[in-house]
Amino acid sequence: MTDQLSHLARMAANGRMTRREFNSRAAALGVTSALAASAFATAARAQEPKKGGLMRAGMQGGESTNTLDPALAASEVPFAVNMIWGEMLVDVSASGEIDYRIAEEISSSPDAMEWKFKIRQGVEFHNGKTVTADDVVATLKRHTDEKAQSGALGIVQGITEMSASGDMVTLKLASGNADLPFLMADYHLIIQPGGGVDNPAEGIGAGPYKVVVNEPGVRHGFEKHANYFDSTMGHADQVEILVINDNTARTAALQAGQVHMINRVDPKIIELLKGAPGITIQHVAGRGHYVFIMHVDKAPFDNNDLRMALKLAINRQEMVDKILGGYGSRGNDFPINSAYPLFDDTIPQREYDAAAAAEFYKKSGHDGSPIELRTAPGAFPGAVEAAQLFAASAQVAGIPLTVKLEPDDGYWSDVWNVQPFCASYWGGRPVQDQMYSTAYLSTADWNDTKFKDAKFDEILIAARAELDATKRKAMYTELANILRDTGGLICPMFNDFVEAKRDEVAGWQPDPNGELMNGRALAKCWLNA
Amino acid sequence: MHPVLKLVAQRIALGLLLLLAVSVVIFAGTEALPGDVASAILGQSATPEALANLREKLGLNEPALYRYFSWLGGVLTGDLGTALTNGQDIAQAIGQRLGNTIFLAACAAVISVPLAILLGLIAARYNGKWPDKLISGITLSTISLPEFVAAYFVIYLLTQVIPIFNPVAMVFPGMGFWEKLHAVALPVIVLVLVVLAHMMRMTRAAILNVMQSAYIETAELKGLSPMQVIWKHAFPNAIAPIVSVVVLNLAYLVVGVVVVEVVFSYNALGQYLVDHVSKRDLPVVQAVGLIFAAVYIALNILADVISIVANPRLRHPR
């Protein structure tokens with residue numbers, strides 16, 4: 001039993017399971033929590049962070065067109081780069097709680113309309129200036145300016161008033177929002193000196209590493225920020241991100257030891273890579289999901305029976321197995337999974353049911369003309385194959401679903417949000433409200449299913465200001481059911497983040513918030529020589 | 001004026017006109033692609049307001065003709081402008097990457113050109129015998145292999161089975177010369193494999209063609225060894241077609257190696273161009289397109305001039 005316990009402790013210390021998982025597994029072994037804690041501590045001590053060295057990540061998702069302006073970050077490399085040099089007010093921890101960064105205390109009025117953030121004292125920017133409440137307000141103000149084209153515009157839009165006094169930042173909202181602290185963890189909202197108004201792409205922040213080399217699409221090099229406030233991060237002296245977009249080259253670079261970790265392991269080669277010496281696969285269920293979206297305001301998708309027929313005609317397990325290589329979970333036609341707080345796991349899983357699909361299809365009275373599903377290789381990895389699987393399983397139910405292949409070029413401007421039925425993906429958001437508000441509220445800019453339901457809007461907005469967790473959870477269950485049964489979203493699968501690291505990298509903790517430990521792997525891990 | 005100089009001047013003038021035409025074609029081509037830089041930058045996250053703002057900011061609302069001529073004006077005064085997508089200075093970004101492109105091409109050329117010509121001479125010497133068949137067989141199979149397959153093969157062989165090189169071939173300022181050579185070893189090997197056959201076959205064919213001439217028979221009859229005959233008498237007269245093929249391959253090494261760059265994550269111009277084409281970043285596409293066209297045209301002029309200089313009949317026209 002002690003063998004098993006120390007094995008579990010080593011796994012936990014290696015980041016193969018979370019502390020919480022470890023405790024419950026230890027409890028299952030019949031171990032007292034005191035013994036479990038001491039086993040964990042022993043294993044963790046062997047994992048004392050080592051300082052120094054140069055740690056490299058090889059990443060997909062960078063282009064020579066990238067910039068350091070955090071407002072414009074949209075792909076994987078800019079995200080990870082910003083998480084290394086930047087620091088937000090707060091972050092979301094791996095277990096889904098608020099992790100205080102530049103803010104050290106948050107309080108709100110009972111109606112969640114007014115929020116106060118107390119700024120941590122003595123946090124320093126890379127240029128030697130101290131982070132002040134004014135910098136925070138200036139940063140948030142810049143993101144509210146339409147000209148900044150910020151990816152966080154939708155988040156900061158709801159703030160009607162911002163003010164700084166002493167070390168306190170006060171935000172007033174147009175309507176109550178209990179999730180505001182989570183929204184401040186958005187990766188665009190990196191605090192910059194003077195708000196980054198003068199030179200948004202300067203790359204000066206308060207994060208664990210300073211930018212030394214910035215060659216977009218090639219590499220990003222960093223060295224340790226000596227006065228960083230948090231000693232649990234920033235173990236290596238230097239870190240570097242190499243942009244290696246080619247799957248084979250990225251994997252080969254990891255195997256050859258040229259890089260210590262890579263993102264986006266191709267599901268097709270996971271099994272092969274598992275056998276490679278000195279390498280471990282890391283995977284964690286995230287909030288990202290692959291979708292097929294129907295415009296509920298356009299024929300034939302304005303007919304809910306037809307929508308139900310299509311939702312029942314997709315084989316979700318087959319998608320998870322074949323498109324994700326088993327590294328993912330089935331979707332249930334609403335955009336939320338267990339990675340979100342307040343998720344209701346009692347909502348029944350929708351299964352592939354050709355007979356029921358055929359019945360709904362008959363009831364819809366569709367004239368039998370082909371239903372065209374548009375897809376492109378870039379819609380999500382495996383989008384073309386997934387569409388073909390969908391068409392095949394739908395044809396079994398007698399639904400004339402056909403696949404139309406579109407070019408990647410112009411897919412997001414000419415097909416997505418334009419054509420009534422196409423493949424797409426969502427990266428997920430830290431909280432349910434933000435996911436629903438971004439894409440399913442009647443007035444949402446990115447309402448890509450054109451779903452407009454007054455009752456849905458009403459519950460969503462009421463839930464936002466509800467501080468009672470039980471009531472709030474019930475409201476989210478209702479939202480999920482409305483969307484699941486009447487929405488235009490077909491969500492067959494949630495994809496895991498599948499990554500790989502070399503064994504000399506220690507301190508890895510699975511983090512569902514984003515890939516490579518929510519962009520912090522280079523800052524939180526260390527190298528065992 | 002010497003007729004050769006006159007010809008060179010004519011060719012250069014024609015080349016410049018051609019460059020102008022190329023810039024028009026690139027501009028029109030990029031304009032005709034679906035979507036514009038604003039929608040390409042914002043991607044899935046585009047809202048109508050954000051699109052309108054960005055278009056306004058980038059000056060995309062100006063008429064196409066106006067944008068073309070303001071760009072042309074900039075280029076003629078030596079200003080390539082800044083990239084629309086990230087505001088970086090284009091001349092600076094291109095400078096470094098052009099250096100990397102030329103470094104890779106030069107390394108590949110230094111190995112492949114002498115090797116191809118030597119193999120061509122040997123193949124011609126042993127025409128129809130086993131060395132000829134062996135050389136032709138190997139080089140023809142390497143040229144038949146798609147570049148990325150050859151690339152994956154050498155990655156597997158030389159980084160996994162025999163780990164002596166790195167799969168990622170990025171080079172940076174501050175690296176020493178030998179360090180750079182070590183970094184680019186794999187792409188150089190792939191490029192050599194790809195260009196070898198073409199040049200080797202042309203050398204062989206050109207020499208064999210000359211070998212039919214009567215004066216070769218004379219050289220043989222006066223007792224020269226076959227290799228001496230080829231080297232002293234056949235090769236100088238076969239140089240014109242060989243040079244034009246060599247130059248064509250050099251041009252390919254500069255402008256046509258984007259697949260190899262991508263596979264080895266080599267930070268050169270091809271990858272830079274492709275990234276900006278997919279974002280419709282017109283100033284960058286124009287600038288890089290122009291450089292590629294200039295390299296192509298210049299090398300072709302060079303080929304013409306060398307074949308004229310090498311040929312007495314063309315050098316002294318009656």
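Domain bounds, as used below, come from an automatic or database domain assignment. This is a predicted model, in which local features need pLDDT of at least 70 and side-chain atom pairs count only at pLDDT 80 or more, while totals for chains, interfaces and linings use all residues. Residues are numbered from 1 along each chain as its sequence is written, and chains are lettered from A and ligands numbered from 1 in the order in which they are written.

**Exercise 1. State how chain A is divided into domains, and describe how domain 2 of chain A meets domain 3 of chain A.**

Step 1. Chain A is divided into domain 1 (2-46), domain 2 (54-60 + 207-285 + 497-527), domain 3 (87-196) and domain 4 (289-495).

Step 2. Between domain 2 of chain A and domain 3 of chain A, the C-alpha centres lie 28 Å apart.

Step 3. Two residues are in contact if their C-beta atoms, placed from the backbone, lie within 7 Å; by this rule, 11 residues of domain 2 of chain A are in contact with 9 residues of domain 3 of chain A.

Step 4. Sorted by class, the side of domain 2 of chain A that touches domain 3 of chain A has 3 nonpolar, 6 polar and 2 charged residues. Here Ala, Val, Leu, Ile, Met, Phe, Trp, Tyr, Cys and Pro count as nonpolar, Asp, Glu, Lys and Arg as charged, and the others, Gly among them, as polar.

**Exercise 2. Find which element gives the most to the side of chain A that touches chain B.**

Step 1. In this pairing, 35 residues of chain A are in contact with 39 residues of chain B.

Step 2. Helices (H or I, at least four residues) and strands (E, at least two) are DSSP runs, numbered from the N terminus; those of chain A that give two or more residues to this side are β10 (238-243), α8 (247-255) and α14 (411-415).

Step 3. The most comes from α8(A), with 5 residues.

**Exercise 3. Work out where the buried residues of α13(A) lie around the helix axis.**

Step 1. A residue is buried if 20 or more other C-beta atoms lie within 10 Å of its own, exposed if 12 or fewer, and partly exposed in between, with C-beta atoms placed from the backbone. In α13(A), the buried residues are Ala383(A), Ala386(A), Ala387(A), Phe390(A), Ser393(A) and Ala394(A).

Step 2. Seen down the axis of α13(A), these buried residues fall within an arc of 130° (the arc of the directions from the helix axis to the C-beta atoms), so they line one face of the helix.

Step 3. An α-helix has 3.6 residues a turn, so residues three or four places apart point the same way.
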